[in-house]
Amino acid sequence: MKRRPPTAVAIMAALAVAMVALPLVGLLLRTPWPDLGPVLASPDVRQALVLSAECSVGALGVSVVLGVPLAWILARVSFPGRSLVRALVTLPMVLPPVVGGVALLFAFGRRGLVGQYLAGVPGFPSPFTTGAVVLAEAFVAMPFLVITAEAGLRQMDQRFEEAAATLGAGPWRRFWTVTLPLVAPSLAAGATLCWARALGEFGATITFAGNLPGRTQTTPTAIYVLLESNPEHAVAVSLVLLTVSLAALIGLRQRWLGAL
Amino acid sequence: MNLDLELDAERAGILAIAGPNGAGKTTLLRALAGLLAIDRGRVELDGEVLDDTTSGIHLEPEVRPVAVVFQDYLLFPHLSALENVAYGLRSRGASRSAARQEAGTWLERVGVAGMAAERPRGLSGGQAQRVALARALATRPALLLLDEPLAAIDVSARAALRRDLRTHLTGADGVRIVVTHDPLDAMAMADRLVVMESGRIIQQGTLQEVTARPRSRWVAQLVGLNLYRGTASGNLITLPEGHQIRVTGETQGSAFAVVHPRAVSLHRQRPEGSPRNVWPGQVDGIDFEGDRVRVEVGGPVGVVAEVTPQAATELRLAEGGRVWVTIKATEFEVYPT
């Protein structure tokens, strides 16, 4: 039976769609299509795109290496304060990114909580370094991976792990050959969300890592700067991120709409 | 769930652990597999200690020579049937090709060689069960545990699979234990039977020994007898709720009384006559089984009666209807608990 929505409801819904669609349509209409190639190939823009790609992948790597073990513990091990830890790890999802950036600055800066001891160490993510970009992006994006991975691990039928144990598989082998394959879809969805979030981060990166071309100027911050000097170029570069976001969304499809 | 028992199982013959749901059979099985820690006690297999709470020994499942066929089979969904069977072999160090080859042989042995490349979701219930069995047998376990192996099978396919399973189990080495709540499974596969109830072993022995003197509702159901438990004083047995059955004999103290449904008579009105046991009841259920009719009579003393179809018609038996039950005292067999 086809349901005819009440007029008021239909109007509100249409406005909601318009609110999201119009700016994006405007972006597409404003794109300087003939200049797209040269703009994206120009050294500044290329530098920002490459840095964004490297740092977002780096942030994903950090998130996977640290986040998956955390997700495993949250899902499988009962310990006092577990809900507190879960809440803490989810905090960056709701925290204003710029606040995250400020917090990172005062923890990892030269006189910071951690920074005062480790500032000289090579590779340490001091403020305004490329490492700081990776850290800032990981800070805001890791929760997405942890939450999705934990949900996947909880939903999984643990009896498969029991069956594997009775067949002679020890804990590591069980994890690699049974657990991981069974939660792979959730992990993939979580990783995609995590990476997309890292790629788009602005507030935390600009506060903690700054905006130094070639070193800490990622694509979002480059767009921000371009808006002042050359708005048309800003639109061109925005199109790149818009396309990437759409691709990520299409990649997630049912997965995302179901899992979240 | 509290378990309190002592169990011995031989390599010779198949042991069936039977009993109603909730008896603790699966808990016992999980403890034997090492999936559950025991609070107090000892588990020994072929002289190797698997569990010993006094010396703190608990061998993890992966190092026990124990394999399990689970009720839901638990075939790894992301692996093919062949890879499932090869899993145990790979876990124990076999090379990929050697494991796959041996797995193929096992699949042939259980009769599902053609499904080797299929994922579990493409298998029928019977095929999945056989793959699960092959997967367990492939590790050549010293102890093979089967948890309700036919529970997930269609009723129509069960008889054939039961026979197949018995054949495969008979051909296997090691101790074989089948856990089941289904009397038919026990009858078909058990060389020895252990009957559990509420975490304890009520009876054990050969099928014949166990069914000769039922000591539990489950066994009574298996042999189709009515079972009562009460306190006997010669000709009278007093049941827990105070009702009394008249019997013959001189048993004293805690006792069981069994009577065959055929020995139970039903009447529309309170009858006169010699039977010493007369009581009213209502018809809770009627089952037509060919040339017999089983009637479940509820009331102060529940009983199952067996009458002919003609008798059922004459008595105008219907669910919910009232009947009178008579049983001669001589029809009861009484024995101490």
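Colleague: Hi! Which residues does V85(B) touch, leaving out those up to four places away in sequence?
Modeller: Hi! This is a predicted model, and in it V85(B) touches A103(B), W106(B), L107(B), V131(B), A134(B), R135(B) and A138(B).

Colleague: Okay, and what nonpolar core is V85(B) part of?
Modeller: V85(B) belongs to the largest nonpolar core, which has 121 residues. V85(B) is listed among those with the most contacts inside that core, along with A136(A), C194(A), A16(B), L145(B) and V195(B).

Colleague: Which element gives the largest share of this core?
Modeller: That is helix 7 of chain A, residues 130-155, and its share is 16 residues.

Colleague: And what lies apart from that core?
Modeller: Another core does, of 23 residues. Its members include I237(B), F256(B), V325(B) and V334(B).

Colleague: Back to helix 2 of chain B. At what angle does it cross helix 3 of chain B?
Modeller: The axes cross at roughly 120° and come within 8 Å. Helix 2 covers residues 81-91 of chain B, while helix 3 covers residues 96-110. The two helices are therefore oblique to each other.

Colleague: Is that crossing left-handed or right-handed?
Modeller: Helix 2 of chain B and helix 3 of chain B make a right-handed crossing. On the helix 2 side, the contact is made by A81(B), L82(B), V85(B), A86(B), L89(B) and R90(B). Helix 3 of chain B brings several residues too, including A103(B), W106(B) and L107(B).

Colleague: How many of the residues in that contact are nonpolar, polar or charged?
Modeller: Nine are nonpolar, one is polar and four are charged.

Colleague: Switching to chain A. What elements does it have?
Modeller: Chain A has 12 helices and zero strands. Its C-alpha trace spans about 70 × 65 × 35 Å along the principal axes.

Colleague: How much of chain A is buried?
Modeller: Buried residues make up 36% of its 260 residues. As for contacts in chain A with a separation of 6 or more, 74% of them involve residues 24 or more positions apart.

Colleague: You mentioned helix 7 of chain A. How does helix 4 of chain A pack with it?
Modeller: Helix 4, residues 82-94 of chain A, packs with helix 7 of chain A at an angle of about 125°, and the axes are 7 Å apart. That makes helix 4 of chain A oblique to helix 7 of chain A. The crossing is left-handed.

Colleague: Which residues meet there?
Modeller: From helix 4 of chain A, V89(A), T90(A), P92(A) and M93(A) meet F139(A), V140(A), P143(A), V146(A) and I147(A) of helix 7 of chain A. By class, this contact has eight nonpolar residues, one polar and no charged ones.

Colleague: How many residues does each chain put into the contact between chains A and B?
Modeller: Chain B gives 16 residues and chain A gives 14. On the chain B side, strand 5 (66-69) and helix 2 each supply at least two residues. The residues on that side divide into 10 nonpolar, four polar and two charged.

Key. Residues are numbered from 1 along each chain as its sequence is written. Chains are lettered from A and ligands numbered from 1 in the order in which they are written. This is a predicted model: local features need pLDDT of at least 70, side-chain atom pairs count only at pLDDT 80 or more; totals for chains, interfaces and linings use all residues. Helices (H or I, at least four residues) and strands (E, at least two) are DSSP runs, numbered from the N terminus. A residue is buried if 20 or more other C-beta atoms lie within 10 Å of its own, exposed if 12 or fewer, and partly exposed in between; C-beta atoms are placed from the backbone. Two residues are in contact if their C-beta atoms, placed from the backbone, lie within 7 Å. Axes are lines fitted to C-alpha atoms, for helices over the stretch in contact, and angles run from 0 to 180 degrees between N-to-C directions. Angles under 35 degrees count as roughly parallel, over 145 as roughly antiparallel, 65 to 115 as roughly perpendicular and the rest as oblique. A crossing is left-handed if the near helix is turned anticlockwise from the far one by less than a right angle, and right-handed if clockwise. Ala, Val, Leu, Ile, Met, Phe, Trp, Tyr, Cys and Pro count as nonpolar, Asp, Glu, Lys and Arg as charged, and the others, Gly among them, as polar. A nonpolar core is a set of buried Ala, Val, Leu, Ile, Met, Phe, Trp, Tyr and Cys residues joined through C-beta atoms within 7 Å.
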